[in-house]
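User: I'd like to learn how to read a structure like this one. Could you walk me through a few features?

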Amino acid sequence: MTRHPRFPDQLARSDRRMFLAAGLAALGLPRIAQAQLAGRPMLKITAPDGTVTELDEEGFARLPWHEVTTHTRWTDGPQQFRGPLLRDVLELAGAGEGVLQGRELRMTAMNEFQVDIPASDAWDFRPILAREMNGRTMRIRDKGPIWLIYPRDDIAALQNPVIDERWIWQLVDITVI
Amino acid sequence: MLKQAYALAALTVASFVALLVYAFLNLVGIQRELQQELVDANLWSTAQAERETQQLMIALAGGFADPANNDVSLRFEILYSRVALLAEGPQLAYFRSAGFEPVVTEAQRLLAELDDMLATPLTDDDSRSRFLQRTAELADELRTLSNATNLQERTERLERRDGQSDAMRLLLVAVVGIFVTGALMAGLLLSNIRRLVQARTELQRHQATLEEKIEQRTHALKEALEVERRAKDVYRSFIVTVSHQFRTPVSIIHMIAQRQIRNGGAGMTDDLRRRFVRIFEAAERLEKLMGAFLDSARIDGRAGEASRRDLDLGRLVEDALDQIRAAHPDRVILAELDPGPLKVEGDPVLLEQVLLNLLTNAVKYSSAPAPIHVSTRSQGRILRFCVRDQGVGVPSDAQLAIFDRFYRAPNVHRLPGVGVGLSLARDIVVQHGGVISLTSQEGVGSTFTVALPGAGGRIYDEGEPAGDNSLCRG
């Protein structure tokens, strides 16, 4: 597992007044609506051969969705998630099980958080790329638009902290490495 | 003592095992805590939230010359998700337990305020300035939370480490304790086994020696017995030889004396005649004496090889009485005999000898007209034969020795006798599994009782007291 904070720590300690002064001018802009975010490709997948596939909301909706009800490490009680299987998304991007044999998937979130997961997870555990949580489309502030959900309650092997680290949310990029 | 030692050892091992289990459970608890890794995750979450505040400020600082650049909005959304994460589920529970809930609430309040402010365009300097101010405050809160979480996490980790090393130490103590106790017990057991083996070896050696000793003793006894038997034979043959050798000359003396008395004629003076009578009487006594010796030797020799057969004691008694009555017609013998057959297994010659001996004694040691009482009784499986006289009796201090060979009571020395009759009688009765006994009072009389086991019985099995002859009295 790898964590890649983009900014070095010293930035946090530098004088934030500089940012305050510089940011004053920018705040005149209207708030960007949620709808505007939706227009952009939601997920970019890079296959081993370098092929890049971009999925937007519609492309996502066209895939068969599955439902997973499970506990998570960050919430209380069972939660219901819906979305396409990671497997289906990978296959759509030309990265089938055979191609991904022994490979890893580098998952990147909006905040540049990255985690590498074994590609075999997609077939072994059938995690979904959840778009909905408890019947509501996830916004960025709800860990959306996409949260990788493992069927934790159904498979005992998934109930451990190592696997919990793979549950990346605000997922925007999958690169096969 | 040994039992107590074992109990102590068992107790020690048990307490060490309890300690081991306790330490192990502690370790398992710590392990489980580590497995959950909640603290670590919370530190990460607060750090991420803090980082996102900085990202937002960078976005703000980067300026928004291009209205299409929605970086600020995106960053705010991400920050929102981060703070929301802190305020929900297990995260909030953790901050609550650590006492940081007010900080989280304050962060949430600031976030909501910022969210409200973003709902309308921030056109004037005042509102922009306020937005920045609130963002900076949010950053402060999150930094506080991050620091506190960090500190808390470190403290907890240290505590956990302490707990872990405590548990490890306990575990070590328990294991070492069990090992040492086990080693001690094993040593104890080993030494016990060694001692046991030693004891067994010693015992075996002792047993071997004992057997050898017994064999030696048995051999010595056998030899002694053989020597005695040989001595007895020699003695008996000596008696027999001597008696035989004496018999003929004594007979000649006896015969000559008798002839001289009978055929002496007138030429014989009274004095000479008296002297011959004395020679005659002395020779007769001597003959009788030797006869008794020979009888004794004969019976003694026979006693070793008694021939057993089924007999009727009643018949034997009657025969003996006939003989005695014929020999001593002047004596009154009152017989009170059991009418039934008195079956006994024994040697008829030897038993008759006993009866005759007792009857002769009664005649010899009492005087007419005092009667002699003879009785037989069958009592259970015991047959009794009693002879009671009203003669001189046996002095009480002589009663114990009366059955010894060659013993003669002091009050009968003037009467002829050798002191073998009762001894022989005793031997024969004992050989037949019976008991002979005497009750007597000097000057009043004596009662001799022979108790014999009936055919197939044994007298001692019946619990017969040796000296009980109460039934023979009167």
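This is a predicted model: local features need pLDDT of at least 70, side-chain atom pairs count only at pLDDT 80 or more; totals for chains, interfaces and linings use all residues.

User: What helices and strands does chain A have?

Analyst: Chain A has seven helices and eleven strands. Buried residues make up 32% of its 177 residues.

User: How do I read a sheet, say the one with β3(A) and β4(A) in it?

Analyst: The general idea: strands of a sheet pair through backbone hydrogen bonds, either parallel or antiparallel. Here, four strands of chain A form an open sheet in the order β3-β4-β8-β9, and the pairing is antiparallel. At the edges sit β3 (65-70) and β9 (136-137) of chain A, each pairing on one side only. Now zoom in on β3(A) and β4(A), residues 79-84: six bridges link them.

User: Over to chain B. Why does B:Ala167 count as buried?

Analyst: The idea is to count neighbours: 20 or more other C-beta atoms within 10 Å makes a residue buried. B:Ala167 is buried because it has 20 other C-beta atoms within 10 Å. B:Ala167 sits in helix α6(B), residues 125-263. Leaving aside residues up to four places away in sequence, B:Ala167 touches B:Ala23, B:Asn26, B:Leu27 and B:Ile30. Take B:Asn26: 141 residues from B:Ala167 in sequence, yet 6.2 Å away in space, C-alpha to C-alpha.

User: Where do I find cis peptide bonds?

Analyst: Look at omega. Between A:Gly144 and A:Pro145 the bond is cis, with omega about 0°; A:Pro145 lies in the loop between β9 and β10 of chain A. Between B:Ala368 and B:Pro369 there's a cis bond with omega about 10°, and B:Pro369 lies in the loop between α9 and β4 of chain B.

User: Last one: A:Asn134 and A:Gln170 have positive phi. Is each buried or partly exposed?

Analyst: Phi is about 50° for A:Asn134, although it is not a glycine. A:Asn134 lies in the loop between β8 and β9 of chain A and is partly exposed, with 13 other C-beta atoms within 10 Å. A:Gln170 has phi near 50° and lies in the loop between α7 and β11 of chain A. A:Gln170 counts as buried because 23 C-beta neighbours lie inside 10 Å.

Technical notes. Residues are numbered from 1 along each chain as its sequence is written. Chains are lettered from A and ligands numbered from 1 in the order in which they are written. Two strands pair if DSSP finds at least two bridges between them. Helices (H or I, at least four residues) and strands (E, at least two) are DSSP runs, numbered from the N terminus. A residue is buried if 20 or more other C-beta atoms lie within 10 Å of its own, exposed if 12 or fewer, and partly exposed in between; C-beta atoms are placed from the backbone. Two residues are in contact if their C-beta atoms, placed from the backbone, lie within 7 Å.
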